[in-house]
Amino acid sequence: MSAPNNSYDPVEVTALHPDEVARMRDEALAAIAAAASLDELKEVRLAHAGDRSPLALANREIGALPPAAKADAGKRVGGARREVGEAVKARQAALEEERDARVLVEEAVDVTLPWDRAPRGARHPLTTIAERMTDIFVGMGFEVAEGPEVEAEWFNFDALNFLPDHPARTMQDTFFVEAPSGGESGLVLRTHTSPVQVRALLDRDLPVYVVAPGRTFRTDELDATHSPVFHQLEGLVVDEGITLAHLRGAITAFVQGMFGSGLRTRFRPSYFPFTEPSAEVDMECFVCRGASVGRPEAPCRTCSSEGWIEIGGCGVVNPRVLTAAGVDTDRYSGWAFGLGVERTLMFARGVKDMRDMVEGDVRFASAFEREI
Ligand code: FA5
């Protein structure tokens, strides 16, 4: 029986020779340092630190060594494998950091870019201007009143002193919804916002200071200056000691608030069954302020060089209307006005054709500020 191989020298085993271990370690370290990506590093790790790597195979040789030689060879190979393992870890961390930094740059999201490229809707300029008109009166202390668009004939006509055969009824060509029957008032699409006057007086305690913006209907043909569906802003004041001077003051304050300070107003005699006296209200042209009158070389498109623009009708509330609404006419008096919203938008914003307002082409509304 041969003696234990005590003289077995690990240095003689090629794979365990210090130079060879150092070479395998250096080769591994160089490959690790050269790995340019996490994928490359994975391959390098398998080749130099995996189970079949040269250092792992060298490690297996240690088992066959005599006990005395095992420690020395184990230290050498183990040290080299530890170094390689640590180098892999360090390179892995460096490459991950590089990748994360790159991803942060490549996948950066500019949160200031508009996120919604779909065209945004906005309110129609008619809605916006009606609201502005209303707001000016609200600023003067008026409340907003409402009434139905399908209105009882009694409110639309009778209570407003349009007698059944009064020619004034034909002044406002009417869409009839239901004929009168069994003593009940018929139904119409309201031809103006004035029925809200009567509703406000019946619904509210006196004094009454209200404005009523709303949609109105007449059998007018759609053309450049008329629409069968249009909007008005009604105003009504009923209080003690109310005079025409208050009306003039409120209308002038409205005109100046809406179109510019210092603008004048004028009243021209007119006729409405529900006001007496009645007037058409004109405002001084806010563009030329009268400077274009008689000067064909400097025409004004806003007022057609007339210097004045008609904005609506008004007057002192006819006592018959107050009586129909149960108001004591010895104590109270009042005035009312009605302004056309479409016409106001036309001259305020230079719209030449009313049809543009009602045809619903989004390009028309887009030309105005997109208020929401
Ligand atoms: C009236 O409707 C009265 N209710 C106004 C009123 C109220 C007077 C309170 C006195 C006291 P008129 O029919 O003139 O009045 O109409 C008022 C405004 O509505 C006109 O100045 C015009 O701007 C607008 N208007 C009338 N018909 C049309 C139409 N077909 N299309 C667009 N706007 C219209």
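User: Which helices each supply at least two residues of the lining of the largest cavity?
Analyst: Those are α5, residues 125–139, and α10, residues 341–349. Keep in mind that this is a predicted model.

User: Which of them gives the largest share?
Analyst: α5 does, with four residues of the lining.

User: How many residues line that cavity, and which lie nearest its centre?
Analyst: Ten residues line the largest cavity. Pro125, Thr128, Arg132, Arg349 and Glu369 lie nearest its centre.

User: OK, pockets now. How much space lies in the second largest pocket?
Analyst: The second largest pocket holds about 340 Å³ of space.

User: What lines it?
Analyst: Its lining is made up of 19 residues. Ala130, Glu146, Pro213, Gly214 and Arg215 are the ones nearest the centre of the pocket.

User: Which elements do the lining residues come from?
Analyst: α5, β5 (208–217) and β6 each supply at least two residues of the lining of this pocket. The largest share is from α5, with five residues. α5 also gives the largest share of the lining of the largest cavity.

User: And by class?
Analyst: The lining of the second largest pocket divides into eight nonpolar, six polar and five charged residues.

User: Changing topic: what's the strand order in the sheet of seven strands?
Analyst: The order is β1-β5-β6-β10-β9-β8-β7. The sheet is open, and its pairing is mixed.

User: Which strands are at the edges?
Analyst: β1 (143–144) and β7 (265–272) are the edge strands, and each of them pairs on one side only.

User: How do β8 and β9 pair, parallel or antiparallel?
Analyst: Antiparallel, over eight bridges. β8 covers residues 275–284 and β9 covers residues 308–317.

User: Which residue in β9 does Ser278 stand opposite?
Analyst: Ser278 stands opposite Gly315.

User: Back to α10. Which strands of the sheet does it touch?
Analyst: α10 packs on the sheet and touches β6 (229–239), β8, β9 and β10 (333–340). The direction of α10 makes about 105 degrees with that of β6.

Terms used
Residues are numbered from 1 along each chain as its sequence is written. This is a predicted model: local features need pLDDT of at least 70, side-chain atom pairs count only at pLDDT 80 or more; totals for chains, interfaces and linings use all residues. Side-chain values use heavy atoms; hydrogens and water are left out. On a 1 Å grid over the protein atoms alone, a cavity is a set of points where a 1.4 Å probe fits but cannot get out, and a pocket is an open set with protein on both sides within 12 Å along at least five of seven lines; lining residues have an atom within 4 Å of a point. Two strands pair if DSSP finds at least two bridges between them. Contact means heavy atoms within 4.5 Å. Axes are lines fitted to C-alpha atoms, for helices over the stretch in contact, and angles run from 0 to 180 degrees between N-to-C directions. Grid points are joined across faces, edges and corners, and a volume is the space filled by probe spheres set on the points. Ala, Val, Leu, Ile, Met, Phe, Trp, Tyr, Cys and Pro count as nonpolar, Asp, Glu, Lys and Arg as charged, and the others, Gly among them, as polar.
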